[in-house]
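Look at the model first, then read on.

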Amino acid sequence: MNLEEKLYASIYRIRRVEEVVCDVYPSDKIRSPVHLSIGQEAVSAGVCEALLPEEAVYGTYRSHATYLAKGGDIRKMIAELYGKDAGCCRGKGGSMHLIDPAVGALGGSAIVATNIPHAAGHAYADKIRGRKRATVAMFGDGAVEEGVFYETLNFAALKKLPMIFVCENNSYAIHSPLLTRQPLDNISARAAVFGIPTEIIDDGDVFKIYDAVKRAATAIREGKPGPFFIECKIYRWMEHVGIGEDWKFGYRTRDEAEAWLEKDPVKVCGALIDEKRRAEIEKEIEEEIRDAFAFAESTPFPDLKELYTDVYKN
Amino acid sequence: MAERIISYAQAIQEATAQEMERDESVFVYGLGVDDFKGIYGTTKGLLEKFGPDRLFDTPLSEDAMTGLAIGAALNGMRPVHVHIRMDFLLLTVNQLFNIAAKTSYMYGGSLNVPIVIRSIIGKSWGQGAQHSQGLHSLFMHIPGLKVVAPSTPHDAKGCLIQAIRDNNPVMFVEHRLLHLFHGHVPEESYTTPFGKARILAPGSDITLVGISYMAADCLRAKHLLDETGIKAEVIDPISLVPFDWDAIMASVRKTKRLIVVDTAWLCCGATAEIISGVVERLNPGEHIEMKRMGFAPTSCPPTKVLEDAFYPDPASIALAAYAMCNGGKTDWTPTYKEEKEIAEFRGPF
């Protein structure tokens with residue numbers, strides 16, 4: 001696959017997995033809150049495609065997209081959403097904590113911003129052991145209101161850590177718009193004061209996101225000092241948690257969303273690929289998804305004794 | 001061969017140096033670890049030996065610095081994060097409770113967080129309300145954390161080595177005054193297993209369980225009690241999570257009396273947990289007299305006259321034991337002189 005095809009496949013997979021999650025959700029087979037990335041796929045796709053499998057991404061509770069884009073096992077993901085023993089967390093993580101260490105998808109936190117210093121710790125370990133590879137912290141615009149965000153920027157800049165901060169700015173924290181929470185819409189500028197190179201991609205263009213991350217990751221792999229900061233403006237199409245749209249509740253308007261809905265990454269990226277080739281990619285992904293949900297349906301729940309396993313690691 | 005006698009602080013330093021030597025994934029960091037005081041000497045010499053990548057001072061960012069340990073541990077390291085006062089741990093609990101404690105379980109055992117959090121409880125010379133707290137019970141409450149609080153130099157070394165090698169987050173609780181204690185510590189590397197209490201002194205009339213520095217005060221109380229003929233058995237649990245219930249139960253079944261003394265408050269604390277654990281294990285009809293002692297239910301006042309009354313001490317522990325062994329009578333006054341490490345302690349730290 002060429003780059004266009006890879007990015008399209010990544011975006012399409014995220015979109016379709018989440019659409020099928022929406023279809024299944026009313027059956028109550030997924031008994032777990034889901035925070036969907038529909039409309040935001042370009043960020044995870046662009047970021048993860050620019051990384052090597054051994055490069056880690058620490059994500060958020062909106063974790064499906066990052067997990068899938070990083071190459072997380074789709075069967076294990078859907079089994080996890082179903083609460084099954086074959087899930088990536090054996091039914092003990094759920095939608096917000098998808099993880100696949102084999103491909104560097106290092107989980108998500110339901111406590112906003114807590115994952116940011118984990119990426120710094122991961123990068124610090126690489127730095128002192130002389131491994132030249134990038135680690136990514138992904139977080140939203142709400143996370144930059146937490147103290148730990150600034151603490152981590154400070155330390156990462158101080159130690160020149162080989163990491164990339166990626167702010168997925170969808171401009172809402174649950175139902176609160178950014179400018180009701182922050183005095184200025186200038187997240188990147190706040191990173192810049194620590195002497196960190198910053199970049200803003202304000203239109204959700206997956207190629208620009210890919211390119212920015214690729215440049216930063218390449219610099220790190222060449223041994224140049226980090227960190228880097230990339231802000232990706234994007235828009236959440238669905239409600240904060242759950243499978244519905246939420247225009248009717250009045251905290252934001254459909255008009256505001258219109259420009260973003262037109263930039264639907266599935267359509268924009270899909271249009272760049274030859275129709276026949278696109279149909280092949282889609283067919284293959286549909287088959288993956290069908291297989292993953294069938295697997296999740298048929299595989300068993302954890303044994304009751306699992307309640308007590310893994311509290312401590314031997 | 002003569003026993004080698006070193007201080008608790010030296011034992012911590014030696015354990016750290018030996019583990020850093022043995023395992024390159026071990027690094028040590030925290031506020032002031034590389035300064036000329038070296039956390040009461042516990043981190044002295046490590047910078048020269050292991051370099052600034054593996055022994056480093058940090059910004060005043062306890063939250064992010066705790067997250068740093070977690071991320072480094074997920075990437076194969078074994079970090080030791082040092083806090084010169086336990087009170088500062090309150091700036092770390094989000095990372096410890098929500099992430100470190102839950103990683104192994106929440107990720108179905110696919111990841112784990114081998115980190116050690118060293119913290120030091122302060123006491124005396126006017127430490128005041130925010131430099132004196134014993135907060136270990138908060139950490140005991142959370143599944144996924146281990147909590148150890150050794151009282152002797154020997155066990156401090158063995159426990160720290162065990163903690164560094166453990167595959168889980170371990171809260172390593174020290175006490176400022178214990179750092180000054182000397183005792184027999186073998187030079188070679190060894191581990192003290194978690195979940196195994198140590199009987200510091202045998203006795204038959206009453207069991208005194210002392211946590212951290214209170215183990216030392218319980219031993220002193222035992223000596224005060226000698227003149228009354230009461231033979232106290234003194235136990236240092238060493239490890240609070242996991243806890244050695246067998247050792248405590250065997251002792252109380254022998255003595256039929258138990259006092260648990262903590263360098264912390266009583267409410268929802270380690271003493272409450274230990275007493276209720278003993279009660280749950282009693283057979284029908286089995287009766288043990290029990291009492292717990294700890295901080296007064298106030299903040300710690302710095303002025304000496306109130307500070308002295310805030311803490312249990314060997315005399316108050318001995319008197320409580322005497323009363324328990326004599327049907328509540330208090331017709332005995334222990335001869336007690338303030339201990340050297342308190343009388344001679346000078347700050348500012």
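This is a predicted model: local features need pLDDT of at least 70, side-chain atom pairs count only at pLDDT 80 or more; totals for chains, interfaces and linings use all residues.

**Salt bridges**

Over all chains, a search of the whole structure finds 45 salt bridges.

| Pair | Closest N to O distance |
|---|---|
| Arg13(A) and Glu288(A) | 2.9 Å |
| Asp246(A) and Arg252(A) | 3.0 Å |
| Lys304(B) and Glu338(B) | 2.8 Å |

Take the salt bridge between Arg13(A) and Glu288(A). This pair links distant parts of the chain, 275 residues apart. Arg13(A) sits in helix 1 (residues 3-24) of chain A, and Glu288(A) in helix 11 of chain A. Arg13(A) counts as buried because its relative accessibility is 18%, under the 20% limit. Glu288(A) has a relative accessible area of 24%, so it is partly exposed.

Asp246(A) also forms a salt bridge, with Arg252(A). Both Asp246(A) and Arg252(A) are buried.

In chain B, Lys304(B) pairs with Glu338(B) in a salt bridge. These two are 34 residues apart and link distant parts of the chain. Lys304(B) belongs to helix 11 (residues 304-310) of chain B. Glu338(B) lies in the loop between helix 12 (314-325) and helix 13 (340-343) of chain B. Lys304(B) is partly exposed at 40% relative accessibility. Glu338(B) is partly exposed at 30%.

**Where chain A touches chain B**

How many residues of chain A are in contact with chain B? The count is 42 residues of chain A, against 41 residues of chain B. The size of an interface is often given as the accessible area lost when the parts come together. Between chain A and chain B, the buried area is about 3,300 Å². Carbon and sulfur atoms give 60% of that area. The interface has zero salt bridges. Its polar contacts come to 18 residue pairs. Strand 2 (105-109), helix 5 (116-128) and helix 6 of chain A each supply at least two residues to the chain A side. Helix 5 of chain A gives the most, with nine residues. By class, the chain A side has 18 nonpolar, 13 polar and eleven charged residues.

One residue to look at is Val148(A), in helix 6 (residues 147-158) of chain A. Is Val148(A) buried or exposed? Val148(A) has 4% relative accessibility, so it counts as buried. Beyond its sequence neighbours within four places, Val148(A) is in contact with Ala113(A), Pro117(A), Asp63(B), Ala64(B) and Gln95(B).

For contrast, turn to Ala271(A), in the loop between helix 10 (265-270) and helix 11 (275-298) of chain A. Ala271(A) counts as exposed because its relative accessibility is 61%. Ala271(A) and Tyr8(A) are 263 residues apart in sequence, yet their C-alpha atoms are 9.4 Å apart in space.

**Two domains in chain B**

The domain assignment of chain B gives domain 1 (5-184) and domain 2 (198-327). Their C-alpha centres lie 26 Å apart. In contact are 32 residues of domain 1 and 31 residues of domain 2. The buried area between these domains is about 2,200 Å², with 62% from carbon and sulfur atoms. One salt bridge is counted between the two domains. Nine residue pairs are in polar contact across this interface. The domain 1 side has 14 nonpolar, 14 polar and four charged residues.

Technical notes:
Residues are numbered from 1 along each chain as its sequence is written. Chains are lettered from A and ligands numbered from 1 in the order in which they are written. Side-chain values use heavy atoms; hydrogens and water are left out. Domain bounds come from an automatic or database domain assignment. Contact means heavy atoms within 4.5 Å. Buried area is the accessible area (1.4 Å probe) that two parts lose on being put together, summed over both. A salt bridge is a side-chain nitrogen of Lys or Arg within 4 Å of a carboxyl oxygen of Asp or Glu. A polar contact is a pair of N or O atoms within 3.5 Å; within protein, one must be able to donate a hydrogen and the other to accept it, and residues adjacent in sequence count only if both atoms are side-chain atoms. Ala, Val, Leu, Ile, Met, Phe, Trp, Tyr, Cys and Pro count as nonpolar, Asp, Glu, Lys and Arg as charged, and the others, Gly among them, as polar. Helices (H or I, at least four residues) and strands (E, at least two) are DSSP runs, numbered from the N terminus. Buried means under 20% relative accessible area, exposed over 50%, partly exposed in between (1.4 Å probe, protein chains only).
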